[in-house]
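This report describes a protein model for a reader who is new to structural analysis. Please look over the sequence and the structure before reading on.

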Amino acid sequence: MASASSVSISQAIVAGAVNHGASSNSSDRLALRSLTFPAFSGLKATNLNASCSSRLGSARRRLSRRLVVKATAVETLEKTDTSLIEKSVNTIRFLAVDSVEKANTGHPGLPMGCAPMGHILYDEFLKYNPKNPYWFNRDRFVLSAGHGCMLQYALLHLAGYDSVKEEDLKSFRQWGSKTPGHPENFETPGVEVTTGPLGQGIANAVGLALAEKHLAARFNKPDNEIVDHYTYVILGDGCQMEGVSQEACSLAGHWGLGKLIAFYDDNHISIDGDTEIAFTENVDLRFEALGWHVIWVKNGNNGYDEIRAAIKEAKAVKDKPTLIKVTTTIGYGSPNKSNSYSVHGSALGPKEVDATRKNLGWPYEPFHVPEDVKKHWSRHTPEGAALEAEWNAQFAEYERKYKEEAAVLKSLITGELPAGWEKALPTYTPESPAEATRVSSQQCINALAKVVPGLLGGSADLASSNLTLMKMFGNFQKGAPEERNVRFGVREHGMGAICNGIALHVPGLIPYCATFFVFTDYLRAAMRISALCEAGVIYVMTHDSIGLGEDGPTHQPIEHLASFRAMPSILMLRPADGTETAGAYKIAVLNRKRPSVLALSRQNVPQLHGTSIEGVEKGGYIVTDNSSGNKPDVILMGTGSELAIAAQAAGELRKEGKAVRVVSLVCWELFDEQSDAYKESVLPAAVSARVSIEAGSTFGWHKFVGSKGKAIGIDRFGASAPAVKLYKELGVTAEAVIAAAKSIC
């Protein structure tokens, strides 16, 4: 990371976003050189015209610029007549219709119905800079009903984002396109989070709003509200039906997230037909019971004044989130398919497209943006640049008066960690007392809390068992949003999705969340989105095996390690002792674009000879070895609490004259990333006598033990009994390792 003197906050964030993505093909990404930014904190402007990039040298000039920008916006709104708004709204509709038609796949119904609220929001209220999608103090927008993504792509295109050009609209849902079938933040600058699985987006939005409220509470001053932005979201009937939305919205009401405004697209249609067949609850009353302010816009098709008034009312409510129920017609304008499920998830077809053009009086060719619409939207580029320049000047003043706070805030915005932060991690020796790795985890969390300012998180009502409380901080609550312990309650799925939003708000926020490892089944969908959307959430999963004992098979994970090892772009770490736990946290903190799962023991484990943080960083390494020439008689492999069992078995085999190597495979993903030479030095191909031991499914271990090796594990459900008894009865013992080793060497 370059120093603050050589790179702006905006540049640092964009560089990270562009240079780290799922695709290695630079042509699939928005080139960094195509983005331009205003200066930050007195730095030289970068490729912007002088009127937008000049420094505002005094408070009077800053105030003058602020008034000019606001006055211009107000004047524009007053002069925007209804006919131009209608034309703009229809432009949005037909960009969606044409893109879906060309691709012959997609969901035109939502964009056609939601175009009015999308237009009013993006054109009149949303604060953004289209030439710098990563400007910190922008408003955030989330399309929770992600199947309607052409609404967002059309809006980004009109607003002037370089990520969505006409050719991108024409390549909707195609290979290498920046307009994929659902919004993806890692593909399309201007998209905040990855949505598609219904309900995830509104939960992500709760996380984004939590992050804003938290940072505002920590850094705002009476004379300088340096953190001040809203989170807007559009969700549909499907999102409302998904349980994750209830979990997240319950917390949003509890926390009083007043800068969260959700538009509910109330169109009464889902894939199977009218929602009367399965969804008849009173959503308004439910949200009022959750602690939300609720507004109903009865005419979402062309009630522009109603939509405006609703947003203004929502912004005036400071102590609770707002749900704006907007009653719309899905597929509005289609004479034969509107208000039906047939317009939800398939192209209209050439005849219906023509009929819709005639019905809405749209004489233009596909993908055409009328000049007056284009001119109207073009103002967002200079206005957005001015907004960012104004904020940069505001930050410079903040930095002058509040130097220490500014330095911390800047580090959170850029994601730059404090120098030497990893030295705070606790250290262990073989003489240190045996302890559960969940206890070691608690020590790591509390050590990191003192030196990593963006660390925040909590548990799904299991903090006393997961041991995840930061002892020097209180609970994040409606009246104490500056605190860093987040109480999620028994809401695992919502917890994971909220943490995704926190992680994607700014690079320096590092959320962690916790529950029992077996209950990842409740939040797996959010964890998969973490991996997909490059959200570096730390999942602290305790009670990681049959070692939890008497709670029995409902609580004992078996297949879970294998399932996360099968998931792309996520790190599955199972540390064996305190040293490996510290190494796992170092890896997790550093991986801001990749989530980490830490599987931690309930039972005590010894502090082992030979474990190291450096070894954990490689994913697999030699712990002990009495062989020479890289030719052991047998290799014993293990993870977590079973690494000690492998070490015990090695000791017995060595007494019998065997050359035995013990290998920790704490993180398969990291080990797979090492060079062939390194992997050969740990697991030489010539040594086929290999035994693995892990208190979980043996699925996957054969890639390491080979066809001649033995994998010791548990390929059945557990049972209710003391841990020691379970290990013996299920054959996860040193005796089993010794017998397996002798059978193959």
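Which residue in β2 does Phe141 stand opposite? Phe141 stands opposite Tyr232 in β2.

The model is a predicted one, in which local features need pLDDT of at least 70 and side-chain atom pairs count only at pLDDT 80 or more, while totals for chains, interfaces and linings use all residues. Residues are numbered from 1 along each chain as its sequence is written, and side-chain values use heavy atoms, with hydrogens and water left out.

**Overall content**

The protein has 29 helices and 17 strands; these are DSSP runs numbered from the N terminus, with helices being H or I of at least four residues and strands E of at least two. Of its 745 residues, 62% count as buried. Buried means under 20% relative accessible area, exposed means over 50%, and partly exposed lies in between, for a 1.4 Å probe and protein chains only. A contact means heavy atoms within 4.5 Å. Among contacts between residues at least 6 apart in sequence, 77% join residues at least 24 apart.

**Two parallel strand pairs**

Two strands are said to pair if DSSP finds at least two bridges between them. Strand β1 (residues 140-143) and strand β2 (residues 231-236) pair in the parallel sense over four bridges. In a regular strand the side chains alternate between the two faces of the sheet. In β1, Arg140 and Val142 point one way, Phe141 and Leu143 point the other way, and all are buried.

Strand β14 runs parallel to strand β15 (residues 660-664), and five bridges join them. Val634 has Val660 as its bridge partner in β15. Five of the five residues of β14 are buried. Val634, Leu636 and Gly638 lie on one side of β14, and Ile635 and Met637 lie on the other.

**Helix α12**

Helix α12 (residues 304-316) has 13 residues, which at 1.5 Å a residue should span 18 Å; its end C-alpha atoms are 19 Å apart, which agrees. The expected span is 1.5 Å times one less than the number of residues. The buried residues of α12 are Tyr304, Ile307, Arg308, Ala310, Ile311 and Ala314. Seen down the axis of α12, these buried residues fall within an arc of 160°, so they line one face of the helix. The arc is that of the directions from the helix axis to the C-beta atoms. Asp305, Lys312 and Ala316, on the other side of α12, are exposed. The elements that cover the buried residues of α12 include α4 (82-103), α5 (109-125), β2, β3 (260-266), β6 (293-297) and β7 (322-327).

Helix α4 also holds Ile85, which is buried with a relative accessible area of 2%. Ile85 and Asp123 are 38 residues apart in sequence, and their C-alpha atoms are 9.8 Å apart in space.

**Aromatic rings and charges**

Rings of Phe, Tyr and Trp (its six-membered ring) pair if their centres lie within 6.5 Å; planes under 30 degrees apart count as stacked, over 60 as edge-to-face and the rest as tilted. The structure holds 22 aromatic pairs. In one of them, the ring centres of Trp701 and Phe704 are 6.1 Å apart and the planes are at 65°, so the pair is edge-to-face. Trp701 is buried at 1% relative accessibility, and Phe704 is buried at 4%. Ring pairs also link Phe136, Trp391, Phe395, Tyr398 and Tyr402 into a cluster.

A charge sits over a ring if NZ of Lys or CZ of Arg is within 6 Å of the ring centre and within 35 degrees of the ring normal. The table lists two such cases.

| Charged residue | Ring | Distance to ring centre |
|---|---|---|
| Arg565 | Trp668 | 3.9 Å |
| Lys618 | Tyr678 | 4.9 Å |

**Residues in loops**

Most residues other than glycine have a negative phi, and most peptide bonds are trans. Leu467 has a positive phi of about 60° although it is not a glycine. Leu467 lies in the loop between α18 (463-466) and α19 (492-505) and is buried at 16% relative accessibility. Asn630 likewise has a positive phi, of about 55°, and is not a glycine. Asn630 is placed in the loop between β13 (621-625) and β14 (634-638), and at 28% relative accessibility Asn630 counts as partly exposed.

Phe186 belongs to the loop between α7 (166-170) and α8 (200-219) and is buried at 8% relative accessibility. Phe186 and Ala535 are 349 residues apart along the chain, and their C-alpha atoms are separated by 10.0 Å.
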